[in-house]
Every structure is written in structure tokens, then in C-alpha cells.
Amino acid sequence: MKLVIGNKNYSTWSLRPWLLLSHFDVPFTEVMESLSPQSLSTRLAQYSDSKKVPVLINEELNVWDSLAICEYVSEQYLNGRGWPKDAAQRAVARSVSAQMHSGFTAIRNEMPMNIRAKRSIELSDDAKNEINQMQLLWHRLLQNSDGPWLFGDFSIADCMFIPVILRFETYGITLLPSTESYRDAVMANVALNSWIDAALTETEIIEVDEAGENR
Ligand SMILES: N[C@@H](CCC(=O)N[C@@H](CS)C(=O)NCC(=O)O)C(=O)O
């Protein structure tokens with residue numbers, strides 16, 4: 001099974017299914033496609049008509065879109081462990097994952113993931129509101145969780161939000177005290193650290209994903 005991903009420094013959507021596979025030790029090989037604009041759509045069209053990464057390729061099957069890949073991996077390789085066991089918790093975990101997948105657009109647009117950078121940035125009111133909204137969401141989930149993850153055990157919901165923790169690190173966003181332990185668990189995660197180590201060795205600069213001033 002192959003997972004096609006973008007640059008580890010920048011590609012949030014690639015990180016999500018990569019983390020799920022890696023955290024649960026599901027065997028896969030990775031294929032990296034640079035997100036450099038040069039012939040990008042032609043290069044990505046080899047894997048999927050969506051011309052986006054990530055794409056999971058398993059023999060004849062191609063699955064594109066990060067959340068669809070996570071669902072497939074959870075069903076086929078994790079016996080459903082990608083989601084909480086409890087049906088109500090699972091519904092909430094799916095809701096917040098979909099919310100991240102299709103929402104928080106100001107955060108996504110204004111704060112591109114850039115793991116190796118430490119930047120200060122002028123944020124719009126929309127982005128500031130989304131940062132507060134997201135932290136309140138984590139706070140509420142963590143209050144009901146046995147910890148350290150949003151739903152007790154590591155789940156797809158964590159995979160969806162972990163790239164935001166990395167953005168907050170890059171742009172120096174102060175966390176609510178009640179969410180700091182979540183950030184600490186994320187930053188100590190072995191699979192994430194191996195992604196970060198690889199991201200730090202990358203030197204390619206994708207201009208569109210460089211935001212803010214060095215701090
Ligand atoms: N909704 C998609 C988004 C995928 C996406 O936007 N991927 C970016 C890289 S992180 C990409 O392939 N960009 C290339 C392009 O837009 O040309 C998912 O969840 O997988």
C-alpha cells in the first residue's frame with residue numbers, strides 16, 4: 001500500500017492519514033510529490049483526477065481525500081479503532097473531524113503549516129475568532145475525555161487537528177491553559193516527531209505557503 005503525500009514541511013492534508021497509518025503501525029510506503037507549482041497538476045494527475053494529495057493506492061484501488069483515506073484505513077486495517085468505540089462519542093468525533101475538514105477556513109488560509117518556521121503574523125478577526133472557537137472545542141472535548149487525546153484514545157479526530165497545533169507552534173499562538181496538556185501530548189507523539197524530523201530536513205520553499213515575518 002502506498003500513500004502519496006506532499007512536502008512534509010507544508011502538507012497538512014498529507015500529514016493526517018500519514019499519522020493514522022504511522023501511529024498504528026500499518027505498513028505502507030510513501031511517495032512524495034513536491035507541491036512546487038511547476039507542472040503540479042500534471043504530476044498529481046498520475047494518482048487521482050482530484051489532482052491533490054494525499055492519495056492512498058492499494059493495488060487497484062485509489063482513495064483520495066484525507067478523511068476518506070482515514071475512514072478506509074480504520075475500516076480495513078484497524079478494525080474501526082480509528083474512531084471511538086462508543087457510538088455517541090463516534091458521532092461527535094466524526095462531527096468535529098468534518099468541521100475541521102470543511103471549516104476553519106480563515107486559519108487554513110492565513111496560517112499555512114510551515115513546520116520549520118517561527119513566524120509572527122497579523123491575523124484577521126475571523127482567524128482570531130476561529131482560534132478561540134477551536135480552543136474552546138478542544139477544551140470541551142478534553143473535559144469529557146480520559147485523555148490525553150480528544151476522545152481518550154488516539155483517533156482520526158486527533159489526526160485532523162494535529163496540523164493546527166503545529167501551525168500554532170509556528171505562529172506563536174498562546175493556548176488556553178486547559179489545552180496545553182493536549183499540545184504536550186501531541187508534541188510528544190512518536191509518529192508526529194518522525195514526520196517533523198523529516199520536515200526539518202526539507203529545503204524546498206513553496207512561496208504560497210510562506211506567511212508572516214521571522215520572529
Ligand atoms: N480535501 C482534500 C484537500 C487536499 C489538498 O488540498 N491537498 C493539497 C496539498 S496539502 C494539494 O494537493 N494541493 C495541490 C493543488 O491544489 O494544486 C483532502 O482532505 O485531502
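**Backbone and packing in a predicted model**

Q: Is D25 buried or exposed?
A: In this predicted model, D25 has 8 other C-beta atoms within 10 Å. A residue counts as exposed if that number is 12 or fewer. D25 is therefore exposed.

Q: What is the phi of D25, and where does D25 lie?
A: D25 is not a glycine, yet its phi is positive, at about 55 degrees. As for its place in the chain, D25 belongs to the loop between α1 and β2 (29–32).

Q: Is F104 buried or exposed?
A: F104 also has a positive phi, of about 50 degrees, although it is not a glycine. The residue sits in the loop between α4 and α5 (105–110). A residue is buried if 20 or more other C-beta atoms lie within 10 Å of its own. Because F104 has 20 C-beta neighbours inside 10 Å, it counts as buried.

Q: Where does P54 lie, and what is the form of the peptide bond from V53 to P54?
A: P54 is placed in the loop between α2 (40–45) and β3 (55–58). The peptide bond that leads from V53 to P54 has omega near 10 degrees. Its form is cis.

Q: What is omega for the peptide bond from G147 to P148?
A: P148 is part of the loop between α6 (125–143) and α7. The peptide bond from G147 to P148 is cis. Its omega is near 0 degrees.

Q: How is the protein chain divided, and what separates the C-alpha centres of domain 1 and domain 2?
A: The chain is split into domain 1, covering 2–80, and domain 2, covering 87–197. Between the C-alpha centres of domain 1 and domain 2 the distance is 20 Å.

Q: Which helix gives the most to the side of domain 1 that touches domain 2?
A: The contact takes 14 residues from domain 1 and 17 residues from domain 2. On the domain 1 side, α1 (12–23) and α3 (66–77) each supply at least two residues. The residues of that side divide into seven nonpolar, five polar and two charged. The most, eight residues, comes from α1.

Q: At what angle do α1 and α7 pack, and what is the handedness of their crossing?
A: The axes of α1 and α7 are 8 Å apart, and the packing angle is about 145 degrees. The crossing of these helices is right-handed.

Q: Which residues make the contact of α1 with α7, and how many of them are nonpolar?
A: From α1 come T12, L15, R16, L19 and L20, and from α7 come I156, C159, M160, I162 and P163. One residue of this contact is polar and one is charged. The number of nonpolar residues is eight.

Q: Why are α4 and α7 roughly parallel to each other?
A: Two packed helices are described by the angle between their axes and the distance between the axes. Helix α4 (residues 87–102) and helix α7 (residues 156–170) have axes 9 Å apart and pack at about 25 degrees. Angles under 35 degrees count as roughly parallel. The description of α4 and α7 is therefore roughly parallel.

Q: What is the handedness of the crossing of α4 and α7, and how many charged residues are in the contact?
A: The crossing of α4 and α7 is left-handed. A93, V96, S97, M100 and H101 of α4 meet I156, A157, M160 and F161 of α7.

Q: Is V96 buried or exposed?
A: V96 is located in helix α4. Leaving aside residues up to four places away in sequence, V96 touches L137 and A157. Since V96 has 21 C-beta neighbours inside 10 Å, it counts as buried.

Q: What distance separates the C-alpha atoms of V96 and I156?
A: V96 and I156 are 60 residues apart along the chain. Their C-alpha atoms are separated by 10.0 Å.

Notes. Residues numbered from 1 in each chain as written. Predicted model: local features only at pLDDT ≥ 70, side-chain atom pairs only at ≥ 80, totals over all residues. Axes fitted to C-alpha atoms, helices over the stretch in contact; angles between N-to-C directions. Helix = DSSP H or I, 4+ residues; strand = E, 2+ residues; numbered from the N terminus. Parallel < 35°, antiparallel > 145°, perpendicular 65-115°, else oblique. Left-handed = near helix turned anticlockwise from the far one by under 90°. Contact = placed C-beta atoms within 7 Å. Domains from an automatic or database assignment. Nonpolar A, V, L, I, M, F, W, Y, C, P; charged D, E, K, R; others polar.
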